[in-house]
Amino acid sequence: LIIIPNKKIISAVATGKVQNCGEFYPVICQGGVESYGTCEVGLISCDKNTGRCPLFFANGATQKEDEASGGACLFLALVIITLC
């Protein structure tokens, strides 16, 4: 997996439970172990079924770093689509 969006952020901001996405940062993984059960995630989440985190997930990431990862994925996708 390259990236998994955290859909909880969208609903939390929309319902007013949080003011902005910044309240989910920095990303913290207990004991430095990157998995669904050990990480408090930001915009990029881990896989609930396998427990694994995607390629662009980073422990300690800030909102800007997650946004940059999303941009990099978008760019890679556009390059791949263009080449095919």
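Good morning. The model is a predicted one, in which local features need pLDDT of at least 70 and side-chain atom pairs count only at pLDDT 80 or more, while totals for chains, interfaces and linings use all residues. Residues are numbered from 1 along each chain as its sequence is written, and side-chain values use heavy atoms, with hydrogens and water left out.

Let me begin with the overall layout. The chain holds 2 helices and 2 strands; helices (H or I, at least four residues) and strands (E, at least two) are DSSP runs numbered from the N terminus. Read from that end, the order of the elements is α-β-β-α. The C-alpha trace spans about 40 × 30 × 20 Å along its principal axes. The accessible surface is about 5700 Å², and 62% of this belongs to carbon and sulfur atoms; such areas come from the Shrake-Rupley method with a 1.4 Å probe, and for residues only the protein chains shown count as cover.

Of the 84 residues, 29% count as buried. Here buried means under 20% relative accessible area, exposed means over 50%, and partly exposed lies in between, with a 1.4 Å probe and protein chains only. Among contacts (heavy atoms within 4.5 Å) between residues at least 6 apart in sequence, 50% join residues at least 24 apart.

I turn now to the cysteines. How many disulfides are there by the distance rule? The count is 2, where a disulfide is a pair of cysteine sulfur atoms within 2.5 Å. One of them is formed by Cys-29 and Cys-39, with sulfur atoms 2.0 Å apart. The torsion about this S-S bond is about 105 degrees, so the disulfide is right-handed. Cys-29 belongs to strand E1 (residues 28–29) and Cys-39 to strand E2 (residues 39–40), so the bond ties together parts 10 residues apart in sequence. Both Cys-29 and Cys-39 are buried.

A disulfide also joins Cys-46 to Cys-53, with an S to S distance of 2.0 Å. Its S-S torsion is about 80 degrees, and the disulfide is therefore right-handed. Cys-46 is buried at a relative accessible area of 3%, and Cys-53 is buried at 18%. With the bonded cysteines numbered in sequence order, the pairing reads 1-2, 3-4.

Cys-73 is buried, with a relative accessible area of 13%. Cys-84 is exposed, at 80% relative accessible area.

The next topic is the interior. In soluble globular proteins, nonpolar side chains tend to be buried together. The largest nonpolar core in this model has 10 residues: Tyr-25, Val-27, Cys-29, Cys-39, Val-41, Ile-44, Cys-46, Cys-53, Phe-57 and Ala-61. A nonpolar core is a set of buried Ala, Val, Leu, Ile, Met, Phe, Trp, Tyr and Cys residues joined through side-chain atoms within 4.5 Å. Tyr-25 is joined to Pro-26 by a cis peptide bond, with omega about 0 degrees. Pro-26 lies in the loop between helix H1 (7–14) and E1.

Two residues of the loop between E2 and H2 deserve mention. Gly-42 lies in that loop and counts as buried, at 0% relative accessibility. Its contacts beyond four places in sequence are Asn-6, Ile-9, Phe-24, Tyr-25, Val-27 and Asp-66. Ser-45 is found in the loop as well, and is buried at a relative accessible area of 9%. With neighbours within four places set aside, Ser-45 is in contact with Ile-4, Pro-5, Asn-6, Pro-54 and Phe-57.

Finally, the surface. Phe-75, Leu-76, Val-79, Ile-80 and Leu-83 make a nonpolar patch of about 510 Å². Patches are made of residues with over 30% relative accessible area and no salt bridge, with like charges joined within 9 Å and nonpolar side chains (Val, Leu, Ile, Met, Phe, Trp, Tyr) within 5 Å. A salt bridge is a side-chain nitrogen of Lys or Arg within 4 Å of a carboxyl oxygen of Asp or Glu. Phe-75 lies in helix H2 (residues 63–83) and is exposed, at 55% relative accessible area. Thank you.
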